[in-house]
Amino acid sequence: ALSNACISAKGELSAQDVSLCVSGFSRVRLTLSNSTLWVALGRAAFLSKKHMRPQNLAVCVEGFSNSKVLVGDQRLWDALGAAVLAIVSELNLKEITLCANGFSRVKSTFINRPLWGKLRNAVVSVNTDLSPAMAANCASSFSKVTFLHLDEKLWTALRSRCLFSVDKMNQQCIASSVSGFSKVCLLLDDQVLWEALRNVAVSAVNGMSEQNIAHCIDGFSNVDVEDRLLWKTFARAIVTRDLDVSPLFAVYCVEGLSKVAFLRGDQQLWGCLRQATISVAKQLTAQGAALCATGFSKVHFLRGDSVLWEALANAVCAGASFTDAEILARCVYGFSLARCLLEKRELWQCLQRATSSLIKQMNTR
């Protein structure tokens, strides 16, 4: 009812009305795939962007990034990027964090160097005022922008804020920090940082949501796969709870835990992950299924599990095309180790087409 009322009133909404609606609807999972609603809100925001205050604009950036309907709308994100770039000096810390968080979910913005450069400068200039949550969100957001990975000043500032407030972090902050810092090569050997994050993560894991557990596993698996206390703690957290499974949880946990050699023989853990993955297999993208295939292929006692591998194969065949050559290569290798799939013609034809397509793209570049 609220969605229909908003769609009907789109021509009468002020800039502030639009931002309030975006903020509200973006928190309700049921509405995120309502294309009519989000197209209407996107259109209303596009027409009223010149009248938006910094707060309204930041809320729209963050809210629209939650909607799958609008993430691919290049025109909208170009307009929002230009609008934020024009007023970035007027944004307060919370608004800067909201903008960075929102733009970090939209891959097409990653090449916008002026936008990310201005957001980066704003964070560096006021980094001592960042709260634990803001610092963690910034670490997670900026880590997705490749050209910023070697920015020593930015990461030194965020690292110092993390260490300063590590004992005050909640579970979400811990997960965001681990996820963000683990993608930055400058920090992978920073023992002080990782020991601090490891200690608070081990203490907080029982209170973490499944999504936060997944982000921690994904992050720590890029840093240290030998820490037995750390990994046994996360494994125990998975097998001792009634899991609320999402595709992200399945992909991050399977790929991350498969890197931990001493856990590959844990039948209880991998039985949980097997069941979790099968339950969300139809929701996996082709690349998500490929990452799961790569992970499960390292677990020898699951290589003959036809139910699991058929579910992953069907997800790959039904999903979108591949955009990452490394993921595709690992996927081909992973599926080749599953004995039950070696004669599955549909799967191998799909993988051959994907390989040919990527080769053509590489040759074009």
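1. Let me start with Trp270, which is buried, at a relative accessible area of 0%; buried means under 20% relative accessible area, exposed over 50% and partly exposed in between, with a 1.4 Å probe and protein chains only. Phe296 is likewise buried, with 0%.

2. A word on the basis: this is a predicted model, where local features need pLDDT of at least 70, side-chain atom pairs count only at pLDDT 80 or more, and totals for chains, interfaces and linings use all residues. Residues are numbered from 1 along each chain as its sequence is written, and side-chain values use heavy atoms, with hydrogens and water left out.

3. On to ring pairs, where Phe, Tyr and Trp (its six-membered ring) pair if their centres lie within 6.5 Å; planes under 30 degrees apart count as stacked, over 60 as edge-to-face and the rest as tilted. That rule gives ten aromatic pairs. One of them joins Trp194 and Phe220 edge-to-face, with 6.0 Å centre to centre and 70 degrees between the planes. This pair links distant parts of the chain, 26 residues apart: Trp194 is in helix α11 (residues 191–204) and Phe220 in helix α12 (residues 210–220). Helices (H or I, at least four residues) and strands (E, at least two) are DSSP runs, numbered from the N terminus.

4. Trp194 counts as buried at 6% relative accessibility, and Phe220 does at 3%. Trp270 and Phe296 also form an edge-to-face pair, 5.8 Å centre to centre with 70 degrees between the planes. Trp270 lies in helix α15 (residues 267–280) and Phe296 in helix α16 (residues 286–296), so their pair ties together parts 26 residues apart in sequence.

5. Ring pairs also gather Trp194, Phe220, Trp231 and Phe234 into a cluster.

6. Which helices cover the buried residues of α16? They include α14 (247–257), α15, α17 (306–318) and α18 (325–336). Eleven of the eleven residues of α16 are buried, among them Gln287, Cys292 and Thr294.

7. Neighbours within four places in sequence aside, Phe335 is in contact (heavy atoms within 4.5 Å) with residues including Ala293, Trp309, Leu342 and Trp348.

8. Finally, two charges sit over rings, meaning NZ of Lys or CZ of Arg within 6 Å of the ring centre and within 35 degrees of the ring normal. Arg113 has its charged end over Phe147, 4.2 Å from the ring centre, and Arg228 lies over the face of Phe262, at 4.2 Å.
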